[in-house]
Amino acid sequence: MLLEHIIMFYKIATEKSISKVAQNNHISQPALSQQMQRLEEELNVKLLERSNRGIELTRAGQILQKYAVQFMHLYSDLKEELDNLNTGSNTFHITATSVACNYALPCSLYKVNRQFPDYTFHLASAPSSDVIRQVLDERTDLGFIVGTTDSQELVCKEAYQDKIYLVARSDYLIDSQITLEILKQHPLIMLNESFSSYRLLCNYIKQLGYPVGSFHTMFHLDSTESVKSAVQAGHGLAFLPYIAVKKELYQKQLKMIEIENFDLDYGVYTVYKNSSTDTRTSEIIDYFAANIGKSIC
């Protein structure tokens, strides 16, 4: 199975058009169709269906699309490591949950880079479950997740603690202290369920006797920044990690609303393979672990 065929399949799955992919990649449409036919024959499944809407993926095609992304990432990582070997350079990959990636780690990364100037550091964001998977697959050297993992292959250590707060625009009309019952009267803007902080919140308020469905949630958004923007526009209230809103609180763009009997802390943990034998990598990980709490932006 040629990687090129998988890459072409992924492009077709994305564009939903063989002719467009053929044109964009300077290959004839019959030749590209033959490549897809050979890929189907090798896998012994049908991957593509033609319809009035263009190309549609079969269930087998959907599965291959998922794995095609992983194949391409792995190939990119392979090329990078081989290039590093040839040039004598070093790359250290860090993958973290979006809040840690965007708000906690940039300043820490600056200090780590000064300590290890012979390394190039790559920082990317992913949900905690994906971070764990990437560390296990050795696609990233160090991960930051919300909560812990029980994987026996990983070392998991607390990096820092944060807290979830209810925030509103500074001029939003609401008392400075309310109950969860009163909160039902106000519109909420939530992160989506891929965020660990959202799942933590749902579990916590459910334990307090308030399922998240009992509140007036206007919409779910897929980034902390978009939630903050909606709150700053006065569209509603939001539960957000303190590290993500501390600048806006200090600048008095947002205000904190205290909720009676509500106190939600959570830990962010480093994760890495316990079988790592590379001395330099271990030094970087140890330096991160010792300094992350002191160097958060």
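Ala126 is buried, with a relative accessibility of 11%, which is under the 20% limit for that class. The model is predicted.

**Around Ala126**

Ala126 sits in a loop. Leaving aside residues up to four places away in sequence, Ala126 touches Thr95, Ala96, Thr97, Ser98, Val131 and Gln134. Ser194 is 68 residues from Ala126 along the chain. The C-alpha atoms of Ala126 and Ser194 are 9.4 Å apart.

**Aromatic pairs**

A ring pair is described by the distance of the centres and the angle of the planes. The structure has 8 aromatic pairs. One of them is Tyr165 with Tyr242: the planes stand at 70°, so this pair is edge-to-face. It joins distant parts of the chain, 77 residues apart. Tyr165 belongs to strand E6 (residues 154-169), and Tyr242 to helix H10 (residues 242-250). Tyr165 is partly exposed at 23% relative accessible area. Tyr242 is also partly exposed, at 35%.

Tyr210 and Phe215 form a tilted pair, because their planes meet at 35°, between the limits of 30 and 60 degrees. Phe215 is buried, at 8% relative accessibility.

| Ring pair | Centre distance | Plane angle | Class |
|---|---|---|---|
| Tyr165 and Tyr242 | 5.9 Å | 70° | edge-to-face |
| Tyr210 and Phe215 | 6.1 Å | 35° | tilted |

Ring pairs also connect Phe92, Tyr119 and Phe121 in a cluster.

Notes
Residues are numbered from 1 along each chain as its sequence is written. This is a predicted model: local features need pLDDT of at least 70, side-chain atom pairs count only at pLDDT 80 or more; totals for chains, interfaces and linings use all residues. Side-chain values use heavy atoms; hydrogens and water are left out. Rings of Phe, Tyr and Trp (its six-membered ring) pair if their centres lie within 6.5 Å; planes under 30 degrees apart count as stacked, over 60 as edge-to-face and the rest as tilted. Helices (H or I, at least four residues) and strands (E, at least two) are DSSP runs, numbered from the N terminus. Buried means under 20% relative accessible area, exposed over 50%, partly exposed in between (1.4 Å probe, protein chains only). Contact means heavy atoms within 4.5 Å.
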